[in-house]
Amino acid sequence: MKLLIDEMYPAVIAERLRTAGHDAIAVVEQEDLVGQHDLGIWQFAVARRRAILTENAADFLAISRHASALGEGSPSLIITSNRAFPRHRRSFIGRAIRALDAFCDAHPDDDAQAGAVYWLNPIS
C-alpha cells in the first residue's frame, strides 16, 4: 500500500519505511503540501492513489463521509492516536515505524483508494 504520511509526523518515518521497501512519502517532504488544509492533503492522496496516515481522525473521517455521500472515491485512512503513539516520547519514531512496517507487510496489495479505515496499534 502506498502511504502519504500527514504533516504531524517527521520525515524520518517515511525515510525508514522506504529503506524497509515500502512506498511512503511524508507531507513535510512535499514543499507544495506543507501547511495545506486537510482537503488539499486528501486531494493529493486521491490523485496519487495513496492511503493517508494521520492522527487527525475527526477531520479526515468527515472528508471521507462527504466524499462517500457524493459518490467520490476515497483514500484509505490509517489512523493513530497520541495515546497509542505519544509523539513526545523518545520511543515514538521506533514504535511508529515498527507498527507501520508490520501494517504494510500485512496489507501489501491493498488498494490505497478502497476507502478503508484502519486504526494503527503499537506492536508490543
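## Helices H2 and H3

Helix H2 (residues 38–47) and helix H3 cross at roughly 60°, and their axes come within 10 Å; axes here are lines fitted to C-alpha atoms, for helices over the stretch in contact, with angles running from 0 to 180 degrees between N-to-C directions. The model is a predicted one, in which local features need pLDDT of at least 70 and side-chain atom pairs count only at pLDDT 80 or more, while totals for chains, interfaces and linings use all residues. Residues are numbered from 1 along each chain as its sequence is written, and side-chain values use heavy atoms, with hydrogens and water left out. Helices (H or I, at least four residues) and strands (E, at least two) are DSSP runs, numbered from the N terminus.

H2 and H3 are therefore oblique to each other, a term for angles that are not under 35 degrees (roughly parallel), over 145 (roughly antiparallel) or 65 to 115 (roughly perpendicular). H2 passes H3 in a right-handed crossing, where right-handed means that the near helix is turned clockwise from the far one by less than a right angle, and left-handed anticlockwise. On the H2 side the contact (heavy atoms within 4.5 Å) is made by Asp38, Leu39, Ile41 and Trp42, which meet Asp59, Phe60, Ile63, Ser64 and Ala67 in H3. By class, six residues of this contact are nonpolar, one is polar and two are charged, where Ala, Val, Leu, Ile, Met, Phe, Trp, Tyr, Cys and Pro count as nonpolar, Asp, Glu, Lys and Arg as charged, and the others, Gly among them, as polar.

Ser76 lies in the loop between helix H3 (57–69) and strand E4 (77–79), and at 0% relative accessibility it counts as buried, which here means under 20% relative accessible area, with exposed over 50% and partly exposed in between (1.4 Å probe, protein chains only). Its C-alpha atom is separated by 9.0 Å from that of Ser64, a residue 12 residues apart from Ser76 along the chain.

## Helices H1 and H4

Helix H1 (residues 11–19) packs with helix H4 (residues 92–106) at an angle of about 45°, with the two axes 10 Å apart, and H1 and H4 are therefore oblique to each other. H1 passes H4 in a right-handed crossing. From H1, Val12, Ile13, Arg16 and Leu17 meet Phe92, Ile93, Ala96, Ile97, Leu100 and Asp101 of H4, and the residues of this contact divide into eight nonpolar, no polar and two charged.

The structure holds two aromatic pairs, which are rings of Phe, Tyr and Trp (its six-membered ring) with centres within 6.5 Å, called stacked if the planes are under 30 degrees apart, edge-to-face if over 60 and tilted for the rest. Tyr9 counts as buried at 3% relative accessibility, and Phe92 counts as buried at 5%.

The rings of Phe103 and Tyr118 have their centres 5.0 Å apart and their planes at 75°, so this pair is edge-to-face. Phe103 lies in helix H4 and Tyr118 in strand E5 (residues 117–119), so the pair ties together parts that are 15 residues apart in sequence; Phe103 and Tyr118 are both buried. His107, found in the loop between H4 and E5, is buried with a relative accessible area of 18%, and, leaving aside its neighbours within four places in sequence, His107 is in contact with Met1 and Tyr118.
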